[in-house]
Amino acid sequence: MLHWTERRLTDGAAIAPDERLPWPQTFAMGLQHVVAMFGATVLAPRLMGFDANIAILMSGIGTMLFFVITRGKVPSYLGSSFAFIAVVLAATGFAGGGPNPNLGVALGGIVACGALYALIGLAVMAVGTGWIERLMPPAVTGAVVAVIGLNLAAIPVKNMAPTGFDAWMQAMTFVVLALVAVKTRGMVQRLLILVGLILASVIYAVLTNGLGFGTPVDLAPVANAPWFGMPGFAAPVFSAQAILLIAPVAIVLVAENLGHLKAVAAMTGRDMDPHIGRAFVGDGVATMIAGASGGTGVTTYAENIGVMAATRVYSTAVFVVAAMVAVVLGFSPKFGALIQAIPLAVMGGVSIVVFGLITIAGARIWVDNKVDFANPANLMTVAIALVLGTGDFTLRFGDFALGGIGTATFGAILLHLVLGGRAAR
């Protein structure tokens with residue numbers, strides 16, 4: 001059983017994975033991580049016709065499984081993976097609107113994907129991580145981490161500000177977060193995402209509900225939603241065609257998880273390589289459990305890595321708290337309604353900050369490892385990968401699509417091998 005060393009809050013000091021703040025502060029940090037993951041974890045199942053409350057519940061259970069399997073060494077939160085959306089829609093023929101009538105077929109493919117992912121993790125545990133280091137030196141890993149943030153950037157910028165007023169509110173939100181980060185100290189500074197979101201939401205409500213600008217905040221769904229309710233569990237149906245479509249997503253999940261682990265290593269100063277195999281197994285098992293229950297496949301979440309980068313609190317105790325809160329909230333439609341009431345523009349402004357912090361974590365890998373960009377192999381590898389990821393360059397193999405993060409990841413690996421091999425450090 002992991003024992004966390006309690007640390008008091010000191011301005012500027014980082015809290016390591018095996019440390020924790022006093023429990024009340026740890027609980028507050030956990031709530032912040034729940035807020036950070038909630039929007040994306042709910043959006044993905046809605047796009048695929050899954051039950052959103054099941055997705056929240058499985059994200060909490062999956063995070064707890066991940067914590068146990070990694071022996072509490074890796075601070076990460078597991079939420080709904082967007083990598084499944086295209087292949088699930090192709091496998092089920094779902095066109096949007098309401099529940100997915102072929103949900104079981106998708107779930108069978110998700111379970112198979114999780115099993116393949118876990119097998120990859122077991123292989124890494126058996127043969128070690130040396131081959132990963134040879135494939136992904138700092139020049140490559142920094143590019144992969146940076147690409148994750150850059151690839152996600154279009155979501156808030158293009159899709160979360162439908163009006164001019166919303167765009168201004170996004171700007172107001174990230175300015176508020178920046179001011180909280182720079183001008184405050186202590187616990188308020190560490191809770192900058194949560195505090196900034198609340199402040200920006202209040203400003204939005206004053207401008208819309210009070211002064212008539214934009215779309216008013218509607219709290220009626222919150223008042224009408226029940227406090228507790230059972231989510232819609234569902235069973236998988238195993239179809240060979242769906243499995244062939246969905247199972248290869250495991251490759252994308254490996255790339256995402258590896259990039260996230262490298263980002264966590266850069267932020268914490270801890271070597272995460274010994275935990276790579278267990279992290280893959282944990283994510284794979286969590287995906288299998290989610291698919292077997294009616295939930296989406298899960299992945300380690302970039303949004304929560306961004307929160308860690310902002311707060312410098314890397315304690316795994318925070319994620320245990322967040323997971324337990326998510327499990328409880330999975331049975332609470334009222335909480336889902338409350339989060340959905342947060343203005344889209346405010347969530348967009350928060351996302352801009354979080355995704356930007358992920359991008360900077362990638363740059364930090366280059367700086368900390370003194371990557372030589374005078375080396376043409378490094379320069380071309382990183383330059384091409386960044387544009388592939390930012391532009392969401394997609395390759396299709398029949399019905400399977402490898403999106404920007406995947407093409408950038410594997411493109412960087414292949415370019416490193418072709419252009420520089422061991423020399424491209």
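Colleague: Relative accessible area, taken with a 1.4 Å probe over protein chains only, sorts residues into buried (under 20%), exposed (over 50%) and partly exposed (in between). Which of these classes holds Glu 6?

Modeller: This is a predicted model, in which local features need pLDDT of at least 70 and side-chain atom pairs count only at pLDDT 80 or more, while totals for chains, interfaces and linings use all residues. Residues are numbered from 1 along each chain as its sequence is written, and side-chain values use heavy atoms, with hydrogens and water left out. The relative accessible area of Glu 6 is 38%, and because this value lies between the two limits, Glu 6 is partly exposed.

Colleague: Is Arg 8 buried or exposed?

Modeller: The side chains of Arg 8 and Glu 6 also meet in a salt bridge, at 3.3 Å from N to O. Whereas Arg 20 is buried at a relative accessible area of 11%, Arg 8 has 59% and therefore counts as exposed.

Colleague: How many residues apart in sequence are the parts that Asp 18 and Arg 270 tie together?

Modeller: The side chains of Asp 18 and Arg 270 meet in a salt bridge of 3.2 Å, N to O. Asp 18 lies in the loop between β1 and β2, and Arg 270 in the loop between α13 and α14 (276–293), so the parts are apart in sequence by 252 residues.

Colleague: What is the angle at which helix α6 and helix α19 pack?

Modeller: Axes are lines fitted to C-alpha atoms, for helices over the stretch in contact, and the angles, from 0 to 180 degrees, run between N-to-C directions. Angles under 35 degrees count as roughly parallel, over 145 as roughly antiparallel, 65 to 115 as roughly perpendicular and the rest as oblique. Helix α6 (residues 138–152) and helix α19 (residues 376–390) have their axes 8 Å apart and pack at about 20°. That makes α6 roughly parallel to α19, because the limit is under 35 degrees, and the angle asked for is about 20°.

Colleague: Where does Arg 312, with its positive phi, lie?

Modeller: Most residues other than glycine have a negative phi. Arg 312 is not a glycine, yet its phi is positive, at about 60°. With a relative accessibility of 35%, Arg 312 counts as partly exposed, and its place is the loop between α15 and α16 (316–329).

Colleague: What is the phi of Asp 392?

Modeller: Asp 392 is in the loop between α19 and β5 (395–397), and at 42% relative accessibility it counts as partly exposed. Asp 392 is a residue other than glycine with a positive phi, and that value is near 55°.

Conventions. Helices (H or I, at least four residues) and strands (E, at least two) are DSSP runs, numbered from the N terminus. A salt bridge is a side-chain nitrogen of Lys or Arg within 4 Å of a carboxyl oxygen of Asp or Glu.
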